[in-house]
Amino acid sequence: MIKKITLPFFFMLIFINAFSQETVVKYLSGTDKDRTVLWDFYCTGGRKSGEWTKIPVPSNWELQGFGTFNYGHDKNKASEQGLYKHQFFAQKWTGKRVFIVFEASMTDTKVTINGKLAGPIHQGAFYRFKYDITDLIKFNAQNLLEVTVDKMSANKSVNQAERESDFWVFGGIFRPVYLEIVPNTYIDRMAINAKADGSFQADVFTGNTKKGEKLEAQIQTLDGKNFGKPFSINVGKDSVRFGSKIDNPRLWSAEFPNRYQVVVSLKDGSKVIHAVKQKFGFRTVELRKEDGFYINGKKVILKGTNRHSFWPESGRTTSHKIDLMDANLMKEMNNNAVRMSHYPPDQDFLDVCDSVGLYVLDELTGWQSKYDTNVGRKLVKELVVRDVNHPSIVFWDNGNEGGWNRDLDGDYAWYDPQDRTVIHPWEKFNGTDTHHYPDYQAIVDAVATGKEVFFPTEFIHGLYDGGAGAGLDDFWSMMVKHPHGAGGFIWAFLDESVLRADKNNTYDSDGDHAPDGILGPHREKEASFYTIKEIWSPIYINPKPIDKSFDGKIEVENRYDFTKLSQCKFVWKLVEFPTSGSKSTDAKTLVQGKPLPLELQPGQKGELNLNLPKNWKNADALYVTAYNPDNKELFTWTWRINTPDLRKNFTSQSPSAGNISATEKDSVLAVSVGATTYNFNKNTGFIQHVGKGGKEISLSDGPVLAGPKTELKSFKNYASGKQYIVEAVYSGEASLLVKWTFVYGSPARLDYTYTQTGDADFMGITFKYPEDKVTGLKWLGRGPYRVWKNRLRGQKYGVWHKDYNNSVTGESWNYPEFKGYHAEVNWAVIENKESNFTVFTDDKNMFLQVYHPAREKAPLKNNNVEPPFPKGDIGFLQGISAIGTKFKAADKMGPQSQKNKNEGGPVSGTLWFKF
């Protein structure tokens with residue numbers, strides 16, 4: 001008799017068969033900060049404590065209104081507990097084993113199921129741990145999960161390693177919690193070693209296997225197509241190592257992140273008992289001592305930043321969206337590497353690094369103190385077992401800056417068949433020199449005498465607007481000369497500023513401890529982002545000013561490791577800029593060239609011939625953009641060709657005879673040119689204010705030398721033909737000659753010459769104008785961000801506009817900041833509440849100073865990142881100041897960071913003022 005199988009029963013059989021073969025994951029919490037599940041919650045101390053309520057999981061409880069905020073440097077830290085309860089339904093999983101998995105919890109975590117302890121209390125805040133709860137759950141019924149989380153650990157070394165640190169310390173179940181349901185005979189995990197020669201090896205760990213069963217593996221492309229033949233081995237007691245060799249696999253690197261997957265099946269005869277799938281990449285990582293760092297046989301330079309897992313409204317609980325955004329921003333900034341500071345990230349971020357191509361330094365927590373050996377040994381295992389198969393991981397960091405338990409150095413290889421190098425960040429160890437925060441001279445010394453593979457795992461500390469991009473040009477120019485150089489990692493990727501509900505929903509960076517980023521907490525881009533993008537571009541161009549010798553050829557260096565420039569492209573265009581009176585800021589493209597390839601192998605230098613048209617000199621500027629093989633912009637370099645004709649910025653294009661008069665009353669000289677009157681103080685020689693159409697424009701107290709003190713030596717005014725002249729001569733610590741020329745129908749012309757000697761923070765002339773009257777700035781020059789003497793790169797030449805703001809870099813994030821120095825300015829419109837006025841110059845190297853950047857509000861000051869500024873409000877300068885880092889003054893940061901040198905020769909300039 002043949003029994004009929006109904007369609008629903010048929011589908012049920014398919015489901016049961018599939019279910020028996022694969023691991024089933026059942027989430028008890030949400031998956032990230034945007035998808036959470038409410039659990040019952042009780043906090044024992046601080047805000048909202050002492051009562052049962054609800055909390056989203058995963059989360060840090062401080063960000064949900066509970067407990068107490070603490071930064072790692074706080075001497076007195078809160079020690080509240082969080083008590084969690086959650087009911088879950090367990091199906092009748094016959095013949096299955098059930099594990100409960102915590103991706104991470106801060107910090108000591110006690111787990112009970114239906115009142116019974118699931119296993120030992122877990123200590124360590126950033127690590128995946130799990131318990132077998134098969135014998136504790138009630139099948140086909142509701143079950144009670146109870147979790148107690150201690151914010152402070154009972155283990156002293158855990159607190160010292162994780163919570164006495166230079167970052168925010170939180171509490172809570174901040175990564176997902178889920179059940180893993182597997183067959184009773186199952187594959188627990190695997191560790192893969194897939195090399196560039198196509199060899200594949202896997203250590204596979206199993207549970208409850210029996211004699212006669214076997215493991216079979218099939219390598220596939222990510223779309224499921226078989227790649228090579230299957231291979232198998234009989235099972236051992238708990239683990240087995242087996243492998244194969246693949247012909248001509250596509251290799252993984254940061255430039256070409258090719259990946260495969262392997263399906264490993266545990267079989268009894270032809271029956272599949274359990275099958276698991278794991279992504280991986282074929283690649284070989286080597287640290288060759290006294291030589292360099294190699295990927296797939298090629299020496300590689302790491303261009304990296306240090307990244308915290310952080311979002312200001314959710315703390316350490318992030319999301320795939322954030323992880324992908326961060327990785328893409330790193331790639332956009334021309335990073336090829338990232339260091340996990342100072343703990344393992346969520347698993348998704350490593351998946352993203354595998355996918356987009358970033359080299360990763362994965363770090364055991366230990367900011368400046370180490371775990372004891374008993375706890376540390378468990379956590380090393382949890383770290384490596386979770387992360388071992390990520391091709392992006394190229395080093396293991398055994399702690400940070402003294403947080404190294406040397407007894408654990410050998411543990412990593414127990415779980416890593418690739419035997420990746422273990423480093424001690426900040427120490428010469430294991431063939432590496434990862435010295436933190438060297439000054440420029442230390443880099444020079446390392447290049448000359450260093451034997452170890454050199455890559456500082458923290459350098460150029462980016463506090464507020466200092467460091468990061470400032471000084472990088474000199475540092476990097478020297479670092480790439482190191483015979484054993486492997487790059488370095490800038491501190492840090494982002495400002496770790498947290499939203500404080502207990503402080504009226506303000507953002508808190510804990511003084512000057514956490515505003516270290518190249519990006520703001522919501523990933524707002526600072527100027528250093530673009531400086532790094534240019535300097536670290538794998539297509540490297542050191543732009544030289546266009547002069548009479550320019551022939552349309554540009555020197556190019558291929559700083560890729562694996563990419564030929566024939567896989568990339570260049571696009572150029574010649575542009576014309578709008579005038580100062582135009583409402584537009586958009587450049588007009590006069591002509592654009594066709595995409596140009598360039599045949600350069602990695603490491604080679606050559607010339608890019610643009611084949612510009614004969615009339616290229618008529619354009620205002622040249623733009624050249626390089627695109628990577630994915631057609632993404634690496635950088636756009638801009639060259640100023642002409643100083644745009646000043647006459648096209650004026651309504652009257654030529655001087656004419658007209659109404660000019662001068663009157664003197666007491667100490668005031670008033671020169672009237674049509675409807676505009678220029679008022680001078682005869683005792684100082686300074687302009688006092690300008691009147692136009694019944695309005696007063698409060699430009700005053702200038703021009704005065706930006707630095708040296710001078711006094712008026714002589715002042716005279718007279719008519720000369722169609723012109724009226726005002727002259728002033730100053731002497732003192734320096735000399736200054738000033739000549740104003742007024743012609744009807746033309747802007748006021750200011751010619752000045754000064755002579756000064758010695759080193760100077762800044763050089764040029766300044767005026768005063770009330771800050772409370774300014775509303776905005778439009779200019780033709782480098783932008784849109786401000787510059788420092790040692791951070792000129794990254795800005796583009798064009799017409800820019802920004803409204804007034806008083807942003808403090810790293811404390812408020814309205815970028816670009818309004819105040820500061822602006823490079824290569826040709827004209828600037830000072831927008832204000834009185835009447836806009838415009839200043840022009842034909843000096844190709846003029847800096848515009850706009851007020852003094854606001855100082856940080858934090859009680860802790862750092863003079864290294866508060867460089868001197870001229871006393872005046874608006875300056876026109878031939879030299880500007882450099883900025884330092886958190887730990888180094890500017891003068892320790894290299895040649896570009898030194899003060900301006902003036903040997904005493906005269907410096908001249910001309911400005912035109914249009915009111």
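Reply: Start with terms. On a 1 Å grid over the protein atoms alone, a cavity is a set of points where a 1.4 Å probe fits but cannot get out. A pocket is an open set with protein on both sides within 12 Å along at least five of seven lines. Lining residues have an atom within 4 Å of a point. Points join across faces, edges and corners, and a volume is the space filled by probe spheres set on them. This is a predicted model: local features need pLDDT of at least 70, side-chain atom pairs pLDDT 80 or more, while totals for chains, interfaces and linings use all residues. Numbering runs from 1 along each chain as its sequence is written, and side-chain values use heavy atoms, without hydrogens and water.

Me: What volume does the largest cavity have?

Reply: About 140 Å³. Its lining has 14 residues, with Tyr464, Arg786, Pro853, Ala854 and Val865 nearest the centre of the cavity.

Me: How many residues line the second largest pocket?

Reply: The lining holds 47 residues; Lys303, Ser537, Pro538, Arg559 and Tyr560 lie nearest the centre. The pocket's space is about 1,200 Å³. Strand E35 gives the largest share of that lining, four residues. Strands (at least two residues) and helices (H or I, at least four) are DSSP runs, numbered from the N terminus.

Me: How are two packed helices described?

Reply: By the angle between their axes and the distance between the axes. Axes are lines fitted to C-alpha atoms, for helices over the stretch in contact, and angles run from 0 to 180 degrees between N-to-C directions. Here H3 (residues 320-332) and H4 (residues 347-356) pack at about 40 degrees, axes 9 Å apart.
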